[in-house]
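Please keep the sequence and the coordinates in view while reading.

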Amino acid sequence: MSGDFFLIRYGPEILTRTGEHLILVAISTGIAILAGIPLGILITRKPALSKPVLGVANVVQTVPSLALFGFLISVPLLGGIGNTPAIVALTLYSLLPIIRNTYTGITGVDPAIREAGRGMGMTDWQLLFQVEIPLATGVILAGVRIATVIAIGIATIAPAIGAGGLGVFIFRGISVVNNQLILAGAVPAALIALLADLALGWIEQQLTAIRK
Amino acid sequence: MPETSEIAVEFRDASYRVHNRNLVSDLNLNVRLGEVLVLLGRSGSGKTTTMKLINRLHAPTAGQVLVGGKPTTEWNPIALRRRIGYVIQETGLFPHFTVERNVGLVPALSGCKPKQIKTRVYDLLNLVGLDAEQFAGRYPHQLSGGQRQRVGVARALAADPPVLLMDEPFGALDPITRLEIQKEFRRLQQELGKTVIFVTHDIQEAFLLASRIGLMHEGRMVALETPAEFMRSQHPEAQAFLQCLRSLEQARDGL
């Protein structure tokens with residue numbers, strides 16, 4: 001009986017797949033952070049760009065994930081099958097919350113504070129790095145948190161185009177109609193999402209605790 | 001005509017126009033060194049806009065504003081602002097900086113040594129009546145409104161600027177704290193001899209602090225007089241403000 005329990009039966013493979021899953025998510029969220037935060041900052045400086053940038057990111061978000069994965073198969077260079085197109089797709093999904101939260105976080109800084117900084121002779125860079133970004137940190141981190149949780153969920157579909165991760169169990173379980181297999185993928189993925197959410201929430205709280 | 005060296009700030013036919021509307025029009029005035037010029041007017045009369053023309057948060061769309069004899073448009077805006085202290089309502093303190101970092105901000109931006117900054121900050125906090133040891137490490141949200149305002153004044157004085165701009169700095173305080181801090185500020189100003197341009201809509205505050213009152217109405221300066229002259233002014237807007245004082249006295253006499 002106990003040998004049938006999915007966690008024990010697939011234990012070692014669950015660990016490997018979890019590792020793959022985490023790598024997919026870490027790389028894609030990492031890229032999304034490195035691209036999304038500067039992009040979010042840029043559109044606070046060039047307001048004319050904010051609508052098109054947020055619009056495109058929004059449209060990407062609405063594309064069904066399975067369709068996006070499928071579409072990437074035919075794209076040269078970054079597309080095809082395997083981990084690379086999966087990372088591309090996950091990055092695209094993670095971008096919107098990060099760009100949007102960076103933008104709203106910075107534009108949400110009290111105008112009086114911004115003006116006090118400018119009035120005292122801060123340059124735009126000083127204002128950005130010493131005032132606006134620190135004050136927007138909570139909101140930006142909330143965006144990273146959402147992006148990470150989304151990526152962990154969507155990464156379970158990545159095996160559809162030949163990438164690894166916990167989704168491998170799910171797809172295998174569907175094809176052989178085995179619920180144990182599906183659970184072996186779904187339960188760890190859900191747990192990772194919960195843990196990531198808690199951990200990032202805790203970091204967010206620590207970083208913004210000072211002025212509460 | 002006083003000599004140029006006695007003039008801290010000069011407006012020459014300065015106007016500021018946005019969205020096809022003049023926020024201030026044809027301002028002509030001299031702010032003398034060491035005086036407290038109070039810009040008095042209703043909300044939307046152009047007081048704050050006038051003030052922002054001085055540190056070039058706005059650039060005049062017509063005419064010129066001269067600081068230290070040089071048009072603001074020819075100044076490097078950063079250099080200009082660092083030699084002009086700026087105090088606004090309490091929201092102007094950075095919530096994520098301690099009192100010490102808030103006050104030391106401009107010296108730090110100008111590249112002073114941390115040790116010098118610390119000495120300066122402690123001197124300034126004591127100057128504005130706050131115990132430096134006690135307050136340096138606190139955050140703005142841990143202070144009362146009056147304490148925050150004192151920190152704001154200390155911050156504006158940090159780089160020892162010859163000119164201070166103050167935009168309704170004491171507006172959010174309760175009347176008792178306000179009077180206390182106004183009196184202290186007057187003493188401080190006389191002691192330090194700073195040139196101050198002070199925006200308010202409170203006529204009592206104007207009388208208490210001003211060497212001259214500049215009355216603003218619909219984007220124009222309709223009177224620029226000493227408080228004594230202002231008391232006798234026949235301008236309808238000045239009359240309206242004086243009426244506020246009189247109705248207070250009448251209410252008192254009626255009791």
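The contact between the two chains takes 18 residues from chain B and 17 residues from chain A. On the side of chain B that touches chain A, the elements that give two or more residues are helix 2 (77-82) and helix 4 (105-109) of chain B. By residue class, that side of chain B divides into 10 nonpolar, 6 polar and 2 charged residues. The model is a predicted one, and local features are reported for it at a pLDDT of at least 70.

Chain A may be described briefly. It has 9 helices and 0 strands, so that its elements, read from the N terminus on, run α-α-α-α-α-α-α-α-α. Along the principal axes, the C-alpha atoms of chain A fill a box of roughly 70 × 40 × 20 Å. Of the 212 residues in chain A, 40% are buried. Among the contacts in chain A with a separation of 6 or more, 74% are between residues 24 or more positions apart.

Chain B contains an open sheet of 6 strands, in the order 6-7-8-3-9-10 and with mixed pairing. Strand 6 (84-87) and strand 10 (220-225) of chain B stand at the edges with a single partner strand each, and therefore one side of each has no neighbour in the sheet. From one strand to the next, the twist averages 15°. Helix 7 (residues 145-157) of chain B packs on this sheet, where it touches strand 6 and strand 7 of chain B, and its direction makes about 165° with that of strand 6 of chain B. Helix 11 (residues 236-254) of chain B lies across strand 3, strand 9 (212-217) and strand 10 of chain B, and runs at about 110° to strand 9 of chain B.

Strand 3 (residues 36-41) of chain B is joined to strand 8 of chain B by 5 bridges, and the two run parallel. Here Leu39(B) stands opposite Val199(B) in strand 8 of chain B. Strand 7 (residues 163-167) of chain B also pairs with strand 8 of chain B in the parallel sense, over 5 bridges. In this pairing, Leu164(B) has Val196(B) of strand 8 as its bridge partner.

How many residues of strand 8 (residues 195-200) of chain B are buried? The count is 6 of 6, and the strand is mostly covered. In a regular strand the side chains alternate between the two faces of the sheet. For strand 8 of chain B, Thr195(B), Ile197(B) and Val199(B) lie on one side, Val196(B), Phe198(B) and Thr200(B) lie on the other, and all are buried, so both faces are covered.

The nonpolar core can be considered next. In soluble globular proteins, nonpolar side chains tend to be buried together. The largest nonpolar core in this model has 126 residues, and those with the most contacts inside it are Leu90(A), Val38(B) and Phe198(B). Leaving aside its neighbours within four places in sequence, Val38(B) is in contact with Phe198(B), Thr200(B), Ala206(B), Leu209(B), Ala210(B), Ile213(B) and Gly214(B).

Helix 1 (residues 47-54) of chain B has 8 of its 8 residues buried, and it is therefore largely enclosed by the rest of the structure. Among the buried residues of this helix are Lys47(B) and Lys52(B), together with Thr48(B), Thr49(B) and Thr50(B). Arg56(B), with a positive phi near 60°, follows helix 1 of chain B.

Two further residues have a positive phi although neither is a glycine: for His19(B) the angle is about 50°, and for Glu168(B) it is about 40°. Which of their surroundings are exposed, and which partly exposed? His19(B), in the loop between strand 1 (7-18) and strand 2 (21-32) of chain B, is exposed, since 5 other C-beta atoms lie within 10 Å. Glu168(B), in the loop between strand 7 and helix 8 of chain B, counts as partly exposed because it has 18 C-beta neighbours inside 10 Å.

How values were computed. Residues are numbered from 1 along each chain as its sequence is written. Chains are lettered from A and ligands numbered from 1 in the order in which they are written. This is a predicted model: local features need pLDDT of at least 70, side-chain atom pairs count only at pLDDT 80 or more; totals for chains, interfaces and linings use all residues. A residue is buried if 20 or more other C-beta atoms lie within 10 Å of its own, exposed if 12 or fewer, and partly exposed in between; C-beta atoms are placed from the backbone. Helices (H or I, at least four residues) and strands (E, at least two) are DSSP runs, numbered from the N terminus. Two strands pair if DSSP finds at least two bridges between them. Two residues are in contact if their C-beta atoms, placed from the backbone, lie within 7 Å. Ala, Val, Leu, Ile, Met, Phe, Trp, Tyr, Cys and Pro count as nonpolar, Asp, Glu, Lys and Arg as charged, and the others, Gly among them, as polar. A nonpolar core is a set of buried Ala, Val, Leu, Ile, Met, Phe, Trp, Tyr and Cys residues joined through C-beta atoms within 7 Å. Axes are lines fitted to C-alpha atoms, for helices over the stretch in contact, and angles run from 0 to 180 degrees between N-to-C directions.
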